[in-house]
Amino acid sequence: METILRPLIVVGGSVLLTVVIGWATDLLLRKADGRHPETPLWGLLRRARLPYQIVLCSGLLRGSYVEAGVFPDHRTGVGRTLTLVLIGSAAWLVVRIAAAVVETSYSRYAHAHAERDPARVRRVRTQVSLIMRVVTAVVGVVAVSSMLLTFPAMRAAGASLLASAGIIGIVAGVAAQSTLGNLFAGFQIAFGDMVRMGDTVVVDGEWGTVEEITLTYLSVRTWDERRITMPVSYFTSKPFENWSRGTPQMTGTVFWHLDHSAPMDLMRERLRDVLRECPAWDGRNYNLTVTDTTPTTMEVRALVTAKDADDIWTVRVTVREGMLRWLADEHPYALPRVNTADAALRPPHEGLPHARRSAAEDSRRPSGTDSRRFPGRPAKSL
């Protein structure tokens with residue numbers, strides 16, 4: 001009877017105590033979250049409930065499984081398994097707590113500076129994201145190392161591993177040269193303020209927004225919702241356009257090819273009216289000028305402004321469509337036309353005096369022609 005009750009009491013008591021402590025902790029976090037809605041810390045800490053309960057349960061079982069008398073012949077294996085679970089869950093709990101603290105700090109900073117300096121907020125967000133990834137990697141390495149050290153064979157092999165660390169490091173450095181380059185490039189991007197999450201960039205002719213930055217790659221979401229994944233070393237070795245660098249305000253251009261008779265003054269007034277009806281226009285500036293001419297058309301350019309890259313696209317397409325519709329309805333003659341009429345025949349020797357021109361024509365006209373009916377052509381025989 002004792003062999004059955006003791007394991008049930010030990011294991012059941014550990015599980016029950018874990019559930020009670022976990023429930024009480026979650027209740028306290030919910031109350032703290034309700035009392036302090038201005039900070040998301042307590043709500044974020046609730047995400048760590050699962051690793052927290054696993055740490056409690058594995059710790060209680062690790063300390064009392066000997067008294068339970070379960071699997072006495074495999075006591076070492078059970079103890080080592082519980083130790084591995086405890087180390088892994090503890091690392092998971094540390095990562096969750098660190099993420100909650102970092103996210104709370106960033107939220108407070110973003111809330112305080114979002115209106116005054118959005119570019120700096122994006123920079124801090126990029127740095128926080130990369131720092132969190134580094135912390136996760138370091139905690140993972142420490143946890144795996146601690147798990148390996150629980151095996152006596154690994155501790156015995158430690159000396160030989162340290163002795164060969166120099167050669168292994170050289171080989172690994174040569175083999176992982178590209179990976180290490182991307183790793184250092186990721187730190188350079190994070191703290192060099194070259195590109196940030198949320199920036200609008202143009203890379204290899206593709207326009208999009210930086211969606212994710214890691215230590216090795218960067219993801220750009222294009223306007224048509226595609227994802228372009230590129231190594232971060234690209235942004236430290238090749239030129240690219242960052243439309244969000246400094247201030248996000250932008251100036252855009254709209255071009256038309258029109259007839260030379262287009263009413264420029266009326267077009268300037270119409271451009272002003274179209275912009276006033278466009279919510280995306282920021283009201284800073286606008287202009288309309290003739291930038292080039294050809295024998296058949298002239299090039300008209302409009303300059304418009306907006307607060308960011310998304311709005312400048314909206315303003316450009318709105319102005320282009322509105323002006324074309326207005327010209328087609330009110331001034332169709334201003335649109336480019338193709339002349340399909342026959343070209344007028346130029347009289348020969350147009351520059352010669354009449355007498356000299358007639359003499360030249362008569363001297364070159366073949367015999368048997370009728371100059372009255374068809375000058376310069378042979379007369380038809382009757």
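Tyrosine 286 is partly exposed, its relative accessible area being 31%. This residue belongs to a predicted model of a protein with 13 helices and eight strands. Of its 382 residues, 30% count as buried. Among contacts between residues at least 6 apart in sequence, 63% join residues at least 24 apart.

**Aromatic pair**

- A search of the whole structure finds one aromatic pair.
- That pair is formed by tryptophan 281 and tyrosine 286 in an edge-to-face arrangement, with 6.1 Å centre to centre and 80° between the planes.
- The two partners can be set side by side in accessibility: tryptophan 281 counts as buried at 17% relative accessibility, whereas tyrosine 286 is partly exposed at 31%.
- Tryptophan 281 is classed as buried because its value of 17% falls under the 20% cut-off.

**Helix α12**

- Helix α12 covers residues 309-330, which makes 22 residues.
- From the first C-alpha of α12 to the last, the helix reaches 32 Å, close to the 32 Å expected at 1.5 Å a residue.
- The buried residues of α12 are Ala309, Asp311, Ile312, Val315, Val319, Gly322, Met323, Trp326 and Leu327.
- Viewed down the helix axis, the buried residues of α12 fall within an arc of 160°, so they line one face.
- An α-helix has 3.6 residues a turn, so residues three or four places apart point the same way.
- Trp313 and Asp329 are exposed and sit on the face of α12 turned away from its buried side.

**Surroundings of α12**

- The strands that the buried residues of α12 pack against include β1 (200-203), β2 (206-213) and β6 (250-258).
- Further packing partners of these buried residues are β7 (281-293), β8 (298-306) and the helix α11 (264-276).
- At the N-terminal end, α12 is capped by aspartate 308, a side-chain oxygen of which lies 3.4 Å from the backbone nitrogen of aspartate 310.

**Five-stranded sheet**

- Five strands form an open sheet with antiparallel pairing, in the order β4-β3-β2-β1-β5.
- Strands of a sheet pair through backbone hydrogen bonds, either parallel or antiparallel.
- β1 and β2 run antiparallel and are joined by four bridges.
- Valine 202 stands opposite tryptophan 207 in β2.
- Both β1 and β2 are also among the elements against which the buried residues of α12 pack.

Notes. Residues numbered from 1 in each chain as written. Predicted model: local features only at pLDDT ≥ 70, side-chain atom pairs only at ≥ 80, totals over all residues. Heavy atoms only, no water. Helix = DSSP H or I, 4+ residues; strand = E, 2+ residues; numbered from the N terminus. Expected span 1.5 Å × (residues − 1). Buried < 20%, exposed > 50% of the residue type's maximum accessible area, 1.4 Å probe, protein only. Arc of directions from axis to C-beta. Contact = heavy atoms within 4.5 Å. Polar contact = N/O pair within 3.5 Å; in protein donor to acceptor, adjacent residues only side chain to side chain. Phe/Tyr/Trp six-rings, centres within 6.5 Å; stacked < 30°, edge-to-face > 60°. Pairing = 2+ DSSP bridges.
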